[in-house]
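Subject: The structure I promised you

Hi,

Here is the structure we talked about. Have a look at it first, then read my notes below.

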Amino acid sequence: MKKQIIRLLTAACLALACSISAAALPKTLIPGGCTIGVKLYTQGLVVTGFESRSAAKAAGLKKGDVIIQVDGEAVHTAAALRECLEEEQVILKILRNGREAEFCVRPNGNQIGAYVRDSLAGIGTVTYYDPDTGAFGALGHGVSDSETKMLLPVEAGVVVESSVADVKKGRDGAPGELKGSFDVNTILGKVERNAERGIFGTLDVPIPGTPLPVAEAGEAEPGPAEIWANVDGREVRSYSVEILRIYPHADETGRNLLLEVTDPALLATTGGIVQGMSGSPIIQNGRLLGAVTHVLVNDSAKGYGIFIENMLDVAG
């Protein structure tokens, strides 16, 4: 099949791979644990790569640039970009590292030799839901573009109903994965922010459950804890883990807690922590402490978690 010069790249799955003062923390939140389907729409078009002899690259564009305008007209989709490339030369306005810049590009026909992304879809896990405001947080880490490894600039997004259809079991050296199915006709809410410590928004369909007290980072301690996860259908279950180490100052990495799955049922089903479980709430001593964020590639039974207060600090 002939490769298109400009095309929409979509991901099959989201990676499933500061501190806030105590006075500002909510007193209670409902822990999640349920998977959701997420559809994100980028702010402009993210450049993910180039063809050989690319007019865009020759003009000075780089991977990770976000095309926001062509000749003064805003563009939001790959199709809209193609329609704007009929002139002998065009002016592309881009965002690079938060700053705007303009480049003069001479298209070859209606092609500039750039691969772009305008949306991404995948599965993730809800960490918390606030019944007072409808706010939710999920993943515990941001959604990055798979090609550029940069945080995806999100303009809008929706959350839809999801269930786990299958599990690719993790093993040492090869992280596993939850394989979900989405009901695109059942929109649960919207995504309003994609940040380094999670995705955040509001839900129109409440998550049932009993609110738990929110733990401060200083309340974390090595020892037994539990995670709530959805690894079969829509069922959310509690699984035992051990907090091995605490890294109180690792605020920017999402690695505040080193965890090991000890629950025989979860180990038998998933092999430990797998992609798609990011966001699974961590409960210790009856308090919502944080969320699962990463799996150790060389030991699938172990992974990392982020303090819930660090998620709430950037929730907006």
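Let's start with a word you'll meet a lot: a residue is buried when its relative accessible area is under 20%, exposed when it is over 50%, and partly exposed in between (1.4 Å probe, protein chains only). Keep in mind that this is a predicted model, where local features need pLDDT of at least 70 and side-chain atom pairs count only at pLDDT 80 or more, while totals for chains, interfaces and linings use all residues. Residues are numbered from 1 along each chain as its sequence is written, and side-chain values use heavy atoms, with hydrogens and water left out.

First, the overall picture. The protein has four helices and 18 strands (DSSP runs numbered from the N terminus: H or I of at least four residues for helices, E of at least two for strands). Its radius of gyration is 21 Å, close to the 20 Å from the globule rule for 316 residues, so the protein is as compact as a globular protein of that length. That radius is taken over C-alpha atoms, and the rule is 2.2 Å times the number of residues to the power 0.38. The C-alpha trace spans about 65 × 45 × 40 Å along its principal axes. Of the 316 residues, 52% count as buried.

Now the barrel. Six strands close up in the order S13-S14-S15-S18-S17-S16, with antiparallel pairing; two strands pair if DSSP finds at least two bridges between them. From one strand to the next, the twist averages 45° (axes are lines fitted to C-alpha atoms, for helices over the stretch in contact, and angles run from 0 to 180 degrees between N-to-C directions). Strands S13 (residues 223–232) and S14 (residues 235–246) share eight bridges, and Asp232 has Glu235 in S14 as its bridge partner.

Follow S17 (residues 287–296) next. Seven of its ten residues are buried, so this strand is largely enclosed by the rest of the structure. On one side, S17 pairs with S16 (residues 281–284) over four antiparallel bridges, with Ile282 opposite Gly290 in S17. S17 also pairs with S18 (residues 299–307), in the antiparallel sense over six bridges, and Val295 has Gly303 in S18 as its partner. S17 and S18 form a hairpin with two residues between them.

Asn285, in the loop between S16 and S17, has a positive phi near 55° in a residue other than glycine. Leu139 also has a positive phi, near 75°, and sits in the loop between S8 (135–138) and S9 (154–168). Buried or exposed, which is Leu139? Leu139 is buried, at 1% relative accessibility, whereas Asn285 is exposed at 57%.

Asn310, in helix H4 (residues 308–314), is buried at 1% relative accessibility. Its side chain makes a polar contact of 3.1 Å with the side chain of Asn256. A polar contact is a pair of N or O atoms within 3.5 Å; within protein, one must be able to donate a hydrogen and the other to accept it, and residues adjacent in sequence count only if both atoms are side-chain atoms.

Last, the cysteines. How many disulfides are there in the whole structure? A search finds zero, a disulfide being a pair of cysteine sulfur atoms within 2.5 Å. For Cys84, the closest cysteine sulfur is in Cys104, 15 Å away, too far for a bond.

Cheers
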